[in-house]
Amino acid sequence: MASLNSVQAWDHEVDVLICGFGMAGSSAAIEAIDNDPNAQVLIIEKMPERYAGGNARASGQSLMINKNPQALKDYQRAMSQPNPIPEDMLDIWADRMSKLEPWIQARAEEVGAKFIKGTGFSEREAVLEFPEFGAREAVAYTSTILPIPSGVWLAFKANVDKRPVKVMYETPLVDLVQDPDTLEVFGAIVEHKGQRAAIKARRGVVMAVGGYEANLEMQRNYCGYQDIHPLGTPGNTGDGIKILQKAGAELWHMRNNGQSGGIWPGIQHPDFQTVFMRNFFMQTFSWLEICADNQRFYNETAELQLTHYKEKKHGFFTDTPHINAQPVHMIFDEETRVNNCLVVKAFTWNVATEQLEWSEDNSAEVQKGWILKADSIAELAAKMGRDPAAVEATVAKYNAACAKGEDEFGRHPATLQPIAKGPFYALKIVPAVVCTSGGGKRNMEGEVISTSGQPIPRLYEAGECGSMFSHLYQNGCYLTEAMISGRAAAKNAVSLKAWG
């Protein structure tokens, strides 16, 4: 940490400093100004303006709406059973969730955006991930703000733009300025335009800095993942977690179960660290996946997107095995190539922010060599660097299952369509992560808890970094938790008496 004595002069002075301009940071800025219109609020964002928004910009934009706080509390407790969330947190969170919808609607109305029921890209009005734990009672419906993609983020950014909030882009947080004995936070050291600058935060600092999904070294050390790719912002490299640790924060939820958001089938673009999400709305089913031993390894057509790619094994929900099955290839025929765009176009960083294209019939990607093409399965296997006989045997076994109408992995008979119409194709599938939950331990007021169990004075946290979610995850709760935690952190920070 940087001590107060080490700061010779402050380059900027504000009341509340918010680190990170995603859903939590924007919610915090809105709440701070709405509670004290005279407060000086500054957001620092490490990414350029065109890349601001964090995972909020790349997410599916789902907002879970609850009308029954007791049912929501019971549901979340059941989903978190292996790593329990404190009961007092569940109480407050469930109550605030049940009262959140009017505030979201007000944010949309303020900037002329449209709030709707449903996901905006499917016909589902409610996504019920774990009915056996009480999803049907807890989830009133799913909602969002149009347009798709990025509608929720765009509305909240527009709300911030209407308020007297200053934003400094390309300004990463470097360190916090603290008292070495009490840990009280007085401000921060940042880097702006290649120069270090000291920012005095008279009332408090809000850490809304996101997770570490784009930091492969942290993924390996905390989770044991050999290789994993972000579906969201490449800016989430865990910087803030390291700063919180240095500041004396207790860490929690660093591992979770697939980091709660799950490990999804991803498709690489050779020029980008971020990946596409493989389409889960396939129209034809003459395809399968094989893993390192050239065998199939799970039910490829199960609606795993409805459980954030968790599948139930031995009575326990766990991650699908993509992370431990590499290399994985999707093998398909001409029928599937022509009738399915292989990537989701409603969200992910590649789509929402980079605005990367993927052809509707995958022909452009075949021409580029991203998708391998061959006249036979044996030739295709050779191009993949696999044993042709083994791959031929796997495809033949699958085709026999199609003829029989019974599959060893439980695919529905309607999805048992043989891989028969050449030419044949293969596409590498990589493990892709939505977000992480780890960070500084916090309470529902956004106060960061130190290793001694006490709040660190004037230090707050919100959003993905240090999220309360500890195991399974219900669709629509990350963005809403970011709103709730951002609002709480800012409300409490702006209410403090200024120091100095």
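Modeller: Apart from neighbours within four places in sequence, Asp-227 is in contact (heavy atoms within 4.5 Å) with Leu-216, Ile-323 and Pro-431. The model is predicted, so local features need pLDDT of at least 70 and side-chain atom pairs pLDDT 80 or more, while totals for chains, interfaces and linings use all residues. Residues are numbered from 1 along each chain as its sequence is written, and side-chain values use heavy atoms, without hydrogens or water.

Asp-227 sits in the loop between α8 (216-223) and β11 (229-230); helices (H or I, at least four residues) and strands (E, at least two) are DSSP runs, numbered from the N terminus. Val-430 lies 203 residues from Asp-227 along the chain, yet their C-alpha atoms are 8.2 Å apart. The side chain of Asp-227 also makes a polar contact of 3.2 Å with that of His-229 (N or O atoms within 3.5 Å, one able to donate a hydrogen and the other to accept it; residues adjacent in sequence count only through side-chain atoms on both sides). With a relative accessible area of 34%, Asp-227 is partly exposed, because that class lies between buried, under 20%, and exposed, over 50% (1.4 Å probe, protein chains only).

Cys-223 is buried at 10% relative accessibility.

Of its 16 lining residues, Phe-280, Phe-281, Met-282, Glu-303 and Gln-305 lie nearest the centre. The second largest pocket holds about 190 Å³, and helix α15 (residues 477-494) gives the most to its lining, with five residues. Among the residues lining this second pocket are Glu-31, Arg-96, Glu-445 and Arg-487. A pocket is an open set of points on a 1 Å grid over the protein atoms alone where a 1.4 Å probe fits, with protein on both sides within 12 Å along at least five of seven lines; lining residues have an atom within 4 Å of a point. Points join across faces, edges and corners, and the volume is the space filled by probe spheres set on them.
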